[in-house]
Amino acid sequence: MYRLFRKDPFFLQRYTVISSITLILLCGVLSIWSTTLWPWTLIAVLFAHSSFRSVLLAWGIAIVLYFLTVETVSWMAIVGCVALGVFVGLWSNVLIHNASHEMIKPLWLNRIIGELTGLQVLSGFPGFAILHMEHHIHSDHEDLDPHPNLPGQTFWQYIDGTRARLRQTFSQLYQRTWQGRPELMNSWKHIKLLLPLNRALRAIILFKLLGPMGGTFFFITSHVTTQLAFAVINFYSHERQVDGTVQIRNLDHNWIFWILNRTFSGAFYHRNHHQSPKLFNPMKMRGTRGSI
Ligand SMILES: [Zn+2]
Ligand SMILES: [Zn+2]
């Protein structure tokens, strides 16, 4: 994906336009079939907005609206949806990450899994994969890393500001890559408009497919879980030291991470992952078990 972006100047533009058309058509078809009411569409749009607080706000409104409109509440189904959402959210983190490194076999499966998980994380696959490669190339660089752990930043500031920072880094990367081509600078203006539209369309489609209960308790839970997992990995693994430098660590120091790593393919062994990005499960790097 990263190679395609670097090699083909029209790749991103083409992908964004084709996915916009596909998502609009899909949305239209689902609107005929689905009886989901308009407030849920507004919630999906708010949910797809750029900050983590807007995700939490949309989640809160969706929960209130669900209980106000539903006739009978099935607590078993709700608990089941939330549990499944957490499980899928963590696996989505593992799978989109490995797909961006082309670590899923056979090779063609990376694109399919990347696009499916790209739907759930809302960014689409190329947006995630391109920026993730930039993270590996420019780890902890205050300007070039798409999500650096900046000095003095709290975890909340980090997670809430990440999407805005990603958008800004993507724009700078595009302009740096194609600065010798003035006609492409213009195309970024179109891409920049279509990216948030696509995010909103993905959220609307998932709400229409899953309905109010599945959308609220499964989809949003899974999305929040994926975002939280990425934020924990990138904030706490890229640990800022008192002298201002950053040390990359594996997180396996308590029973929660112990269980998570053994259930979700060593997802929090981030130091190992930076040293050996071609391992599907970085915990399997020889002689490197435990927090370092
Ligand atoms: Zn990292
Ligand atoms: Zn990686």
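For a chain of 292 residues, a compact globule would have a radius of gyration near 19 Å, and the protein chain comes in at 19 Å, so the two agree; the radius is taken over C-alpha atoms, and the globule rule is 2.2 Å times the number of residues to the power 0.38. This is a predicted model, in which local features need pLDDT of at least 70 and side-chain atom pairs count only at pLDDT 80 or more, while totals for chains, interfaces and linings use all residues. Residues are numbered from 1 along each chain as its sequence is written, and chains are lettered from A and ligands numbered from 1 in the order in which they are written.

Along the principal axes, the C-alpha atoms fill a box of roughly 55 × 55 × 40 Å. The protein chain has 11 helices and two strands, these being DSSP runs numbered from the N terminus (H or I, at least four residues, for helices; E, at least two, for strands). Read from the N terminus, the order is α-α-α-α-α-α-α-α-α-β-β-α-α. Buried residues make up 34% of the 292; buried here takes 20 or more other C-beta atoms within 10 Å of the residue's own, exposed takes 12 or fewer, and partly exposed sits in between, with C-beta atoms placed from the backbone. Of the contacts with a separation of 6 or more, 61% come from residues 24 or more positions apart, a contact being two such C-beta atoms within 7 Å.

The domain assignment gives domain 1 (2-240) and domain 2 (249-259 + 267-292), with bounds from an automatic or database domain assignment. Their C-alpha centres lie 25 Å apart. The contact between them draws 13 residues from domain 1 and 10 residues from domain 2. On the domain 1 side, α5 (75-100) and α9 (182-237) are the elements that give two or more residues.

Now for the inside. The largest nonpolar core has 33 residues, and I43, A44, F47, F128, A203, I204 and F207 touch the most other members; such a core is a set of buried Ala, Val, Leu, Ile, Met, Phe, Trp, Tyr and Cys residues joined through C-beta atoms within 7 Å. At least two residues each come from α3 (38-47), α4 (52-69), α5, α7 (125-137), α8 and α9, with α9 giving the most, 10 residues. Setting aside neighbours within four places in sequence, I204 is in contact with C27, T41 and A44. Another core, of 11 residues, lies apart from this one and includes L90, F230, F235 and L251.

L12, Y15, T16, S19 and L23 are the buried residues of α2, and they pack against α1 (2-7), α7 and α9.

The K105 to P106 peptide bond is cis, with omega near -5°, and P106 is found in the loop between α5 and α6 (109-121). D140, in the loop between α7 and α8, has a positive phi near 70° without being a glycine. D140 counts as partly exposed because it has 16 C-beta neighbours inside 10 Å. S265 also has a positive phi, about 50°, and is not a glycine; with 21 other C-beta atoms within 10 Å, S265 is buried.
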